[in-house]
Amino acid sequence: MIRIEGLRKTFHSRGRPVTAVDGVDLTVAEGEVFGVVGRSGAGKSTLLRCVNLLERPDEGHVTVDGVELTALRDDRLRQARQGIGMIHQHFALLASRTAADNVSFALEVMGVPRRERAVRVAELLDLVGLADRAGAYPAQLSGGQKQRVGIARALASRPRLLLSDEATSALDPDTTGAILSLLRGLTQRLGLTILLITHEMEVVKRLCDAVAIMRDGRFVESGPVAELISRTDSQLARDIFPLGPVPTVPGHLLYDVTLAGTVGDEAFVSRLTRRHDLDVRIVAGAVEQLAATRAGRLRIALPEAAPGLADALGDLRTAGFGVEAAR
Ligand SMILES: Nc1ncnc2c1ncn2[C@@H]1O[C@H](COP(=O)(O)OP(=O)(O)OP(=O)(O)O)[C@@H](O)[C@H]1O
Ligand SMILES: [Mg+2]
């Protein structure tokens, strides 16, 4: 659905160049929810704005749904953009228009006749669960309701791709959960593809099939969530399953064990105790049901002097668990 190659964008502020996006390649498959995470200033918003060419990249190619946007002239680009919806952190609604009129406005801009607009607006508000608030003004809506209007408006042109820049960052955890469920449902019902930016691990856990970690304009890690978290060197795994500082357990060595997918169903502790005669202490742990898979990380302490230790670690790795010394 999205193919980005060699994307670069440099800003010049007060005579100083800032390279916000520094050579990004990205592929998002149709129907996939792809998340970009990273610290403030990493270049996430700039990357997103380059996907619909709100920002013209200096270098690189952006192809959406088979059309190379970077090769289009302005009039064709405007048309192609209709296939891409966008939702924002602060909703960007018109304060002087009702929920219905905010959605209708998007249709008006596209030249949809009045009668058709009314039908479509009702459909869209219903889709996002806001049919009963059609006549409310933004000031009369909660944050979650405002974002629902924002989503309805983004879907007005029946886009196949939705871009989202921190759509839940201004919302409380419960409301965030409801909006994430709505977005998940929409990907399935409408066959939407979503490219989203977030700094919340909750969003990655609940919504994303694949993710990239961005730092200083580059992707430092990217791939399917299920694959990344099963890698012992993954920053994402550490972020999703934080185990805290490593304690000292006298006479023991500490290991972090990653369990991903079906591996998580295996009773690996009893495997260690029965097969290798090891006493296993669990020091810390986190297991989560993710959108993509069920997974977790456990920090265990194993007796340093146990003769079966090396064999046991090898056995775990062979069985598909990620095992590394805790650090
Ligand atoms: N229009 C602009 N003019 C000058 N510099 C810019 C412009 N837009 C972004 N930048 C700079 O580019 C870098 C990346 O900014 P960007 O907004 O893409 O980061 P971000 O990852 O979205 O951050 P945040 O999480 O805070 O939203 C920053 O150093 C920022 O100051
Ligand atoms: Mg940003």
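In this predicted model, the largest nonpolar core has 53 residues, and those touching the most other members are Ile151, Leu183, Ile229 and Leu236. Take Leu183 for a closer look: leaving aside residues up to four places away in sequence, Leu183 touches Ile87, Ile151, Leu162, Ile194 and Leu207. There is also a second, separate core, this one with 31 residues, and Val28, Ala42, Cys50 and Leu163 belong to it.

Next comes a sheet. Strands of a sheet pair through backbone hydrogen bonds, and they can do so either parallel or antiparallel. Here, 4 strands make an open sheet with antiparallel pairing, lined up in the order β12-β13-β11-β14. The edges are taken by β12 (281–289) and β14 (322–325); each has a single partner strand, so one side of each is left without a neighbour in the sheet. On average, neighbouring strands are turned by 15° against each other, direction ignored. Zooming in on one pair, β12 and β13 (residues 294–303) run antiparallel and are joined by 8 bridges. Within this pair, Gly285 sits opposite Leu298 in β13.

Helices join in as well. Helix α10 (residues 268–276) packs on the sheet and touches β11 (252–260), β12 and β13, with its direction at about 30° to that of β13. Helix α11 (residues 309–318), in turn, lies across β11, β13 and β14 and runs at about 140° to β14.

Definitions and conventions
Residues are numbered from 1 along each chain as its sequence is written. Chains are lettered from A and ligands numbered from 1 in the order in which they are written. This is a predicted model: local features need pLDDT of at least 70, side-chain atom pairs count only at pLDDT 80 or more; totals for chains, interfaces and linings use all residues. Side-chain values use heavy atoms; hydrogens and water are left out. A nonpolar core is a set of buried Ala, Val, Leu, Ile, Met, Phe, Trp, Tyr and Cys residues joined through side-chain atoms within 4.5 Å. Buried means under 20% relative accessible area, exposed over 50%, partly exposed in between (1.4 Å probe, protein chains only). Contact means heavy atoms within 4.5 Å. Two strands pair if DSSP finds at least two bridges between them. Helices (H or I, at least four residues) and strands (E, at least two) are DSSP runs, numbered from the N terminus. Axes are lines fitted to C-alpha atoms, for helices over the stretch in contact, and angles run from 0 to 180 degrees between N-to-C directions.
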